[in-house]
Amino acid sequence: MINILFSGNEGVFDGVLTCMLSILKRTQTKEPFQFIIYTMDVSHLKPEYVPISEEAANFLDGVAKEYNPQNVVRRVDVTQVYLREFGGCPNEQCYCSPYTLLRLFADLIENMPDKLLYLDIDVMFNRDITLLYGIDVSDYEYAAARDHYGKYLLNPNYINAGVLLFNMKRMRETGLLEKARELIKTKKMLFADQDAIYRSTTAKKMLPQKFNDQKFLHKKSTVVRHFSKRLFYLPYPHTANIKQWKVSQIHKVFRYYSFDDELYEYIYLKKKFEREH
């Protein structure tokens, strides 16, 4: 089974659905997928910080099963784990949201597999996922690609934590996630979870940029296109945070049409979900 981990609140539906469709449509393997979604209720911080609903998770499960009846979407509520570990910590109001911290619980949640691919919800697969998932990480805690801006500004091997191929067995042995959680609890960091993982690493496998391309889409080589915030120079220097489910902007700004098959199915399925719920 190929094991994928997402995390987020009720607002991750669009990202999980589009990413999931890109995986299912561009992968030839007959091996089933397990899509795990860590979620939680921390609406005391912000009203919108409520978990993805069981109805949404069940709908995603139905979509996955259309491609293979053995596929499964599993919703895991980690509210109590979060409150115990990170409630009131210095990084609770981190740069993105507290949901970015949830991947740090992968060693605390029961029945997690030894090999696990964590994905931010703003990624799309341009090529077969087995090119990434099949990478041997037996001698490493995880595999990751460099952060596009961090490799220039922070360290040549500074990673982007939006695509992480975890070797959970090795990470439990080295205590990587335990060390990362301790940093989150005690030290305010600019990029919170990403900094904590980077600083706690004993052995990582550096991947080519094509496995987490945060700026460009090379149609023949890019495996994962990560739609993270990026800098544009024209018509004036500015940043923009264009996500893949903003289909008109993907066309207008990036001039990407190669994801249309997935994105048009997403539009249909999103409307279907809204009609039924």
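Biologist: Happy to look at this predicted model with you. What makes E6 and E7 a pair of strands?

Modeller: A pair needs at least two bridges. Strand E6 (residues 142-145) and E7 are joined by two bridges, so they count as paired, and they run antiparallel. Within E7, Leu165 is the residue opposite Ala143.

Biologist: How do you know that E4 pairs with E7?

Modeller: The cut-off is again at least two bridges. Strand E4 (residues 115-119) has five bridges to E7, so that pair qualifies, also antiparallel. One of the residues involved is Lys115, whose bridge partner in E7 is Asn167.

Biologist: Why is strand E7 called mostly covered?

Modeller: Buried means under 20% relative accessible area. In E7 (residues 163-167), five of its five residues are buried, so each falls under that cut-off. Val163, Leu165 and Asn167 are buried on one side, and Leu164 and Phe166 on the other.

Biologist: What makes helix H8 mostly covered, and what does it pack against?

Modeller: Seven of the nine residues in H8 (residues 192-200) are buried, among them Ala192, Asp193 and Ile197. These buried residues pack against E6, E7 and helix H7 (176-186).

Biologist: How do you know which classes line the second largest pocket?

Modeller: Its lining has three nonpolar, five polar and two charged residues. Lys and Glu count as charged, so Lys30 and Glu31 are the two charged ones. Leu, Phe and Tyr count as nonpolar, which puts Leu24, Phe33 and Tyr67 in that class. The space in this pocket is about 170 Å³.

Key: Residues numbered from 1 in each chain as written. Predicted model: local features only at pLDDT ≥ 70, side-chain atom pairs only at ≥ 80, totals over all residues. Heavy atoms only, no water. 1 Å grid on protein atoms, 1.4 Å probe; cavity = no way out; pocket = protein on both sides within 12 Å on 5 of 7 lines; lining within 4 Å. Points joined across faces, edges and corners; volume = space filled by probe spheres on them. Buried < 20%, exposed > 50% of the residue type's maximum accessible area, 1.4 Å probe, protein only. Helix = DSSP H or I, 4+ residues; strand = E, 2+ residues; numbered from the N terminus. Contact = heavy atoms within 4.5 Å.
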